Structure formats: structure tokens, C-alpha cells
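Hi,

Here is the structure I said I would pass on.

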Amino acid sequence: LMTRKVKILEKPIHQGNIEWYVVECENGERLKLRSFQANDIIIAVGDKGIISYKGRTIQSFQRKS
């Protein structure tokens with residue numbers, strides 16, 4: 001399980017209950033991650049926070065101001 005501070009850059013694809021996100025990490029690295037919990041984990045473009053993921057799958061997102 002990886003945990004990083006990120007900013008949500010894009011929400012390019014929504015397929016059924018799967019949502020994909022492009023995120024930018026503090027070090028400038030960009031990742032494309034997916035969520036199978038679209039109804040449980042609410043993420044919007046521009047959000048900043050702590051994301052936990054395994055492989056390409058988001059486990060949790062904690063928004064920070």
C-alpha cells in the first residue's frame with residue numbers, strides 16, 4: 001500500500017462504477033489511478049490530499065485544505 005500527498009489533475013474516464021484519475025504527487029510524478037468505489041470515495045478535479053493506493057487502485061482519499 002502506497003500513501004502520497006497529491007493533487008487531482010483530471011478525471012478523464014468514468015466506466016460504470018470505475019472512475020479513473022490523473023494525480024500529481026509532491027515530487028511532480030503523475031499517476032493514473034482508478035477507484036472501484038465511485039459512490040464511497042468522492043474525489044473532484046483540483047482536490048488536494050493524501051491518497052492511499054495499491055497497484056493502480058485507490059483505497060482511500062483524505063482531502064486537505
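For what follows, a salt bridge means a side-chain nitrogen of Lys or Arg within 4 Å of a carboxyl oxygen of Asp or Glu. Bear in mind that this is a predicted model. Going by that cut-off, the count is five salt bridges, and I'll walk you through some of them.

Let's start with Arg4 and Glu29, whose side chains meet in a salt bridge at 2.6 Å, N to O. Arg4 lies in strand S1 (residues 2-10), while Glu29 sits in the loop between strand S3 (18-25) and strand S4 (30-35), so this pair ties together parts that are 25 residues apart in sequence. As for how open they are, Arg4 is partly exposed at 22% relative accessible area, and Glu29 is partly exposed too, at 33%.

Next up is Lys11, which forms a salt bridge with Glu19; here the closest N and O atoms are 3.5 Å apart. Are these two buried or exposed? Lys11 is partly exposed, with a relative accessible area of 38%, whereas Glu19 counts as buried at 9% relative accessibility.

Then there is Glu24 with Arg30: their side chains meet in a salt bridge at 3.6 Å, N to O. Glu24 counts as partly exposed, at 26% relative accessibility, but Arg30 is exposed, with a relative accessible area of 54%.

Cheers

Key
Residues are numbered from 1 along each chain as its sequence is written. This is a predicted model: local features need pLDDT of at least 70, side-chain atom pairs count only at pLDDT 80 or more; totals for chains, interfaces and linings use all residues. Side-chain values use heavy atoms; hydrogens and water are left out. Helices (H or I, at least four residues) and strands (E, at least two) are DSSP runs, numbered from the N terminus. Buried means under 20% relative accessible area, exposed over 50%, partly exposed in between (1.4 Å probe, protein chains only).
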